[in-house]
Amino acid sequence: MNADSLDGRLLFAIPKKGRLYEKCLSILAGADIQFRRHARLDVCLVLNHPIALVFLPASDIPSFVGKGNVDLGITGHDVIVESQMHEHVTEELRLGFGKCALQVQVPEAGSITTVEDLAGKRVVTSFEVLSGDYFGKLDDQLQLSGDKRTKIEYVGGSVEAACALGLADGIVDLVESGDTMRAAGLHAIATVLETEAVLIKSRVPKHEAHSNLITLITNRIKGVVAASKYAICQYNIARDRLPSAIAITPGRRAPTISPLETDNWVAVSSMVEKKRLAQIMDDLVTTGAEDILIFNLDNCRV
Ligand SMILES: Nc1ncnc2c1ncn2[C@@H]1O[C@H](COP(=O)(O)OP(=O)(O)OP(=O)(O)O)[C@@H](O)[C@H]1O
Ligand SMILES: O=P(O)(O)OC[C@H]1O[C@H](OP(=O)(O)OP(=O)(O)O)[C@H](O)[C@@H]1O
């Protein structure tokens, strides 16, 4: 591939590995963005749209998009703020995966139990900007100055080992399940930032040439994300119980209600949030609904 083959194409950055990679591939498939990635090549042409995918480290994507080298990207909200690119990109869409929290952690067995105890000591992290801001404000509040202020040190990985190795009194790192933190004998004492994967767009004006394609891709991805969050709930209920059933499954706009051949019974079909499914089914049974069926969505536009 030469540079000419990218001419006129929208450039879309995708994390090349790590926690976000697999989910990004299923989003691309759901949005019918077809490509064949050749081994070792980090740029590939999309077969059915004037788009080229650029596979980059998640933490580099905010600056590529923010500086305008790339039009669109998927990455974590955390690395956008850390790379100080949040004013140079637009977060178009939250994607509902890559959810975790950047937390201050200290040894479970130690004497430090609050961030005020940790202030002025040594903190190791891969997020030196966010940690620097957080502890900078805390140091100001506690009126720590000069060498009494918190010392933030950057490491590129294995942050959780820093306390055991004697490099740090506390760390700032991402926590999802908490397994890594607990395995290292640490516990969280504060949250610096909540994060999830987001679709970002460049604010550099030259990208307006691609605005129709960006809208199309954004809407398709929005459909894929909504399909993963919602299911269709269908059930039968006696007409006189309908008001209480509708209160349980109001739908996004309104439920679809169809008459049944049986007197005074109706079938109801409604979009419901997957995370509330079990409770919704319990409540429907209590209110007299029968034949409750749940259907997953492959894709949708809402
Ligand atoms: N445990 C996790 N659960 C959910 N999302 C995570 C988790 N860890 C990281 N992320 C998200 O994925 C992004 C990329 O993190 P990941 O650890 O996969 O980086 P990476 O590109 O593999 O880099 P490296 O392996 O060099 O740390 C993070 O910025 C964050 O938004
Ligand atoms: O709370 P948990 O579910 O254990 O997840 C947290 C861990 O996940 C991330 O690292 P990852 O495993 O992606 O590897 P990395 O350290 O190489 O980035 C993060 O840096 C934590 O170490």
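Predicted model: local features only at pLDDT ≥ 70, side-chain atom pairs only at ≥ 80, totals over all residues.
A pocket is an open set of grid points where a 1.4 Å probe fits, with protein on both sides within 12 Å along at least five of seven lines.

**First stop: the largest pocket**

Select R19, D78, C100, F127 and L174. Of the 40 residues that line the largest pocket, these five lie nearest its centre. The volume of this pocket is about 1200 Å³.

Next, select helix 3 (77–82), strand 6 (100–107), strand 9 (170–175) and helix 6 (179–183), each of which supplies at least two residues of the lining. Which element gives the most to the lining of the largest pocket? Strand 9 does, with 4 residues.

Now colour the model by domain, with domain 1 as 3–99 + 197–203 and domain 2 as 100–195. The lining of the largest pocket draws at least three residues from each of these domains. If the lining is coloured by residue class instead, 14 residues are nonpolar, 14 are polar and 12 are charged.

**Second stop: the second largest pocket**

Select K23, S26, I27, L95, G96, F97, K99, V224, V225, S228 and K229, the residues that line the second largest pocket. Helix 1 (21–30) and helix 7 (211–229) are the elements that give two or more residues to this lining. Helix 7 provides the largest share, 4 residues. The second largest pocket has a volume of about 200 Å³, and its lining consists of 5 nonpolar, 3 polar and 3 charged residues.

Select T125, which is found in strand 7 (residues 122–125). Is T125 buried or exposed? T125 counts as buried because its relative accessibility is 0%, and buried means under 20%.

Display the side chains of T125 and S131 together: they make a polar contact at 3.5 Å. Then show the other residues around T125. With neighbours within four places in sequence left aside, T125 is in contact with S131, I152, E153, Y154, V155, V159 and V172.

**Last stop: H210**

Finally, select H210, in the loop between strand 11 (197–202) and helix 7. The relative accessibility of H210 is 15%, so this residue also counts as buried. Which residues does H210 touch, not counting those up to four places away in sequence? Select G8, R9, L10 and D71 to see them.

Key:
Residues numbered from 1 in each chain as written. Chains lettered and ligands numbered in written order. Heavy atoms only, no water. 1 Å grid on protein atoms, 1.4 Å probe; cavity = no way out; pocket = protein on both sides within 12 Å on 5 of 7 lines; lining within 4 Å. Points joined across faces, edges and corners; volume = space filled by probe spheres on them. Nonpolar A, V, L, I, M, F, W, Y, C, P; charged D, E, K, R; others polar. Domains from an automatic or database assignment. Buried < 20%, exposed > 50% of the residue type's maximum accessible area, 1.4 Å probe, protein only. Polar contact = N/O pair within 3.5 Å; in protein donor to acceptor, adjacent residues only side chain to side chain. Contact = heavy atoms within 4.5 Å.
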